[in-house]
Amino acid sequence: YQQQTVVPLDHYEESRPPRRQGRSLLLSFYDRHCMLIRQAGYSKREIKETMKEVERVKRERMVTDLFLPASPIDETMERLMDTVKQFFPKKDAALSATTSKVGTMNC
């Protein structure tokens, strides 16, 4: 731990270099990769695993975006099916078991 000097905000704003703009903020894949390994201490394996995870999340988002327009229809169908199930409940398991044996032959 090192003690840092306190600088008034106005003095800092006057003395700092100008903000970078546009393309000067971009890093190439190679520069970013080297920075993560050398400065941040990540392993190549950690970077590779994280990249795979990012790609998986991207695919999931793409699928969500693809099916999002159909979402209101899907929700309406679910509500409709719930309503139908209220009016037509499932048969009792014992009743369905006896009715399924009618007409079968025991060999």
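## Salt bridges along the chain

A salt bridge here is a side-chain nitrogen of Lys or Arg within 4 Å of a carboxyl oxygen of Asp or Glu. Search the whole structure with that rule and you get five of them. Keep in mind that this is a predicted model, where local features need pLDDT of at least 70, side-chain atom pairs count only at pLDDT 80 or more, and totals for chains, interfaces and linings use all residues. Residues are numbered from 1 along each chain as its sequence is written, and side-chain values use heavy atoms, with hydrogens and water left out.

## Overall layout

The chain exposes about 11100 Å², and carbon and sulfur atoms supply 60% of that. Areas like this come from the Shrake-Rupley method with a 1.4 Å probe; for residues, only the protein chains shown count as cover.

## Who pairs with whom

Side chains of opposite charge can pair when their charged atoms come close. R16 does this with E13, the closest N and O atoms being 3.2 Å apart. R16 counts as partly exposed because its relative accessibility is 23%, and E13 is partly exposed too, at 38%.

Helix 3 (residues 44-67) holds both E49 and R45, four residues apart, or about one turn of the helix. Their closest N and O atoms are 3.1 Å apart, making a salt bridge. R45 is exposed because its relative accessible area is 57%, while E49, at 44%, is partly exposed. K58 and E55 also both lie in helix 3, three residues apart, again about one turn. They form a salt bridge with closest N and O atoms 3.6 Å apart. K58 is partly exposed at 48%, and E55 is partly exposed at 39%. Beyond simple pairs, E53, R56 and E60 are linked in a network of salt bridges.

## Two surface patches

Patches are made of residues with over 30% relative accessible area and no salt bridge: like charges are joined within 9 Å, nonpolar side chains (Val, Leu, Ile, Met, Phe, Trp, Tyr) within 5 Å. For charge, Lys and Arg count as positive and Asp and Glu as negative, with His and the chain ends not counted. Each charge is placed at NZ of Lys, CZ of Arg, CG of Asp or CD of Glu.

On that basis, D74, E75, E78 and D82 gather in a patch of negative charge on the surface. D74 is found in helix 4 (residues 71-87), and it counts as partly exposed because its relative accessibility is 44%.

The other patch is nonpolar: I73, M77, L80, V84, F87 and F88 form it on the surface, with about 660 Å² of accessible area together. F88 sits in the loop between helix 4 and helix 5 (93-101). With a relative accessible area of 64%, F88 is exposed.

Note on methods: Helix = DSSP H or I, 4+ residues; strand = E, 2+ residues; numbered from the N terminus. Buried < 20%, exposed > 50% of the residue type's maximum accessible area, 1.4 Å probe, protein only.
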